[in-house]
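Thanks for asking me to take a look at this one. Here are my notes on the charged side chains.

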Amino acid sequence: MFVRPAILAAAILLIAAGCGGYGSKSKSGGGGGKTTVAGVSANNHGSESVSGSAEVELDDYYFKPTVLKGKPGSSVTLELKNEGSVEHNFTIDSQGIDKDLEPGKNATVSVTIPKSGVISFYCKYHKSMGMAGALTGGGNGGMTGGGGTTTGSTSTGKGY
């Protein structure tokens, strides 16, 4: 069987268009691409102002929102939802948080927004794949929307 080169090229383009990189499963807008938050490479799925409580989606391989902005020093309850196909994790070293979530499972954690600077969070299983984010008391959370690199200071936990 002989396949015409034009048909073969069109088929390859259609298949390639259907394949995405990390974070291609975004449920509702809010990002895409790479950025650096709190000095860590991350798959960008937007930022959100939070107070009291907020929902954070853990998916293959990103957090949505990627940056959580809140009142400096305030406590926020995060409802973590693993919408991915593999086990994910939510870790904040400086706050002693290390929570595993199997696919389809939810968990709740309390975090403290830093009084200054930013604090990174990440999935300990997929950090190298860009599954990271940050908490910030204001500003852009050490994130650039255009996928550039920002040098943010990472809190050591002494500022909360």
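The points below go through the salt bridges one by one.

1. A word on the basis: this is a predicted model, where local features need pLDDT of at least 70, side-chain atom pairs count only at pLDDT 80 or more, and totals for chains, interfaces and linings use all residues. Residues are numbered from 1 along each chain as its sequence is written, and side-chain values use heavy atoms, with hydrogens and water left out.

2. You will find four salt bridges here (a side-chain nitrogen of Lys or Arg within 4 Å of a carboxyl oxygen of Asp or Glu). Side chains of opposite charge can pair when their charged atoms come close.

3. Have a look at K124 and D98, whose side chains form a salt bridge at 3.2 Å, N to O. This pair links distant parts of the chain, 26 residues apart: D98 sits in strand 9 (residues 97-101), and K124 in the loop between strand 11 (118-122) and strand 12 (132-136). Strands here are DSSP runs (E, at least two residues), numbered from the N terminus.

4. Which residue forms a salt bridge with K124 at 3.9 Å? That is D100, by the closest N and O atoms. D100 lies in strand 9 and K124 in the loop between strands 11 and 12, so the pair ties together parts 24 residues apart in sequence.

5. As for accessibility, D98 is partly exposed at 46% (between buried, under 20% relative accessible area, and exposed, over 50%, with a 1.4 Å probe and protein chains only). K124 is also partly exposed, at 40%, and so is D100, at 35%.

6. Elsewhere, E55, E79 and K81 are linked in a network of salt bridges. Within it, K81 and E79 meet at 3.9 Å, N to O, and E79 is partly exposed at 33%.

Technical notes: Helices (H or I, at least four residues) and strands (E, at least two) are DSSP runs, numbered from the N terminus.
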